[in-house]
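Here is a briefing on one protein model. Please read it beside the sequence and the coordinates.

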Amino acid sequence: MVRMDIQTVVVGGGPVTSLVVLRPRSPQANESAPRLPIRIGPIEAMSISMGVDGSSQGRPMTHDLLLDTITSLGAHLDDIEIVGVEGTTFFARLVATTELGRRVSVDARPSDAIALAVRAHVPIFADEAVVEKAAMPDFGSVERDERQVEIERFHDFVESLSPEDFD
């Protein structure tokens with residue numbers, strides 16, 4: 001499992017898709033580290049954003065209610081895990097420990113799991129196979145490679161010039 005952090009939350013509307021982008025937490029993660037884009041609903045995007053900001057609506061939202069229910073039952077949320085992906089559909093689970101020390105996991109939509117994680121201040125993990133399979137391409141790396149190819153082509157062109165080409 002790879003520890004992930006939220007890089008971006010896009011709250012879309014109309015034709016604009018809402019999504020959350022996760023990135024690896026590791027200290028060696030840089031701009032070329034894989035990013036995990038997960039399409040979510042606009043309500044869930046808003047809920048995740050509110051959890052990240054720590055803002056409150058005055059009344060508990062659904063994710064606040066679920067977290068309060070978990071703790072009222074004597075359990076605590078340990079972490080959430082993004083455990084699978086099929087096409088553009090991701091799968092997640094909540095991992096909690098009961099008052100008696102029993103670990104339980106519950107299937108969840110990634111958006112709901114992430115909304116709970118930011119409220120409970122617990123880690124977000126993603127299975128390495130999911131990151132490998134569904135990560136966004138490193139557009140910066142692609143751009144650098146393209147630039148290098150252009151430089152090499154220009155260098156070859158300059159090298160092929162002769163004084164006669166300037167007459």
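Predicted model: local features only at pLDDT ≥ 70, side-chain atom pairs only at ≥ 80, totals over all residues.

Residues are numbered from 1 along each chain as its sequence is written, and side-chain values use heavy atoms, with hydrogens and water left out.

**Fold**

- The protein has five helices and seven strands. Both are DSSP runs numbered from the N terminus: helices are H or I with at least four residues, strands are E with at least two.
- Along the sequence the order is β-β-β-α-α-β-β-β-α-β-α-α.
- Of the 167 residues, 32% count as buried. Buried means under 20% relative accessible area, exposed means over 50%, and partly exposed lies in between (1.4 Å probe, protein chains only).
- Contact means heavy atoms within 4.5 Å. Among contacts with a separation of 6 or more, 51% come from residues 24 or more positions apart.
- The protein exposes about 10700 Å², and carbon and sulfur atoms supply 53% of that area. Accessible areas come from the Shrake-Rupley method with a 1.4 Å probe; for residues, only the protein chains shown count as cover.

**Nonpolar core**

- A nonpolar core is a set of buried Ala, Val, Leu, Ile, Met, Phe, Trp, Tyr and Cys residues joined through side-chain atoms within 4.5 Å.
- The largest one has 27 residues; Leu22, Leu36, Ile80, Ile82 and Phe90 touch the most other members.
- Elements that each supply at least two residues include strand 4 (76-86), strand 5 (89-97), strand 7 (124-126) and helix 4 (128-134).
- Helix 3 gives the most to this core, with five residues.
- Beyond its neighbours within four places in sequence, Leu22 has contacts that include Met4, Ile6, Leu36, Ile38, Ile82, Ile114 and Ile124.

**Helix 1**

- Helix 1 (residues 42-53) has 12 residues and spans 16 Å from first to last C-alpha, close to the expected 16 Å. The expected span is 1.5 Å times one less than the number of residues.
- Its buried residues are Glu44, Ala45, Ser47, Ile48, Ser49, Met50 and Gly51.
- Cover for these residues includes strand 1 (2-10), strand 2 (18-24), strand 3 (36-40), helix 2 (62-72) and helix 3 (110-120).

**Salt bridges**

- A salt bridge is a side-chain nitrogen of Lys or Arg within 4 Å of a carboxyl oxygen of Asp or Glu. The count is seven.
- Asp5 pairs with Arg23, with the closest N and O atoms 4.0 Å apart. This pair links strand 1 to strand 2, 18 residues apart.
- Arg25 also forms a salt bridge with Asp5, at 3.0 Å between the closest N and O atoms. Arg25 lies in the loop between strand 2 and strand 3, 20 residues from Asp5.
- Asp5 is buried at 17% relative accessibility. Arg23 is partly exposed at 30%, and Arg25 is partly exposed at 41%.
- Asp64 and Arg119 meet at 2.7 Å, N to O. They join helix 2 to helix 3, 55 residues apart.
- Asp64 is partly exposed at 23%, whereas Arg119 is buried at 13%.
- Shared partners join Asp5, Arg23 and Arg25 into one network.

**Surface patch**

- Phe154, Phe157 and Val158 form a nonpolar surface patch with about 310 Å² of accessible area together. Patch residues have over 30% relative accessible area and no salt bridge; like charges are joined within 9 Å, nonpolar side chains (Val, Leu, Ile, Met, Phe, Trp, Tyr) within 5 Å.
- Val158 sits in helix 5 (residues 139-160). Val158 is partly exposed, at 39% relative accessible area.
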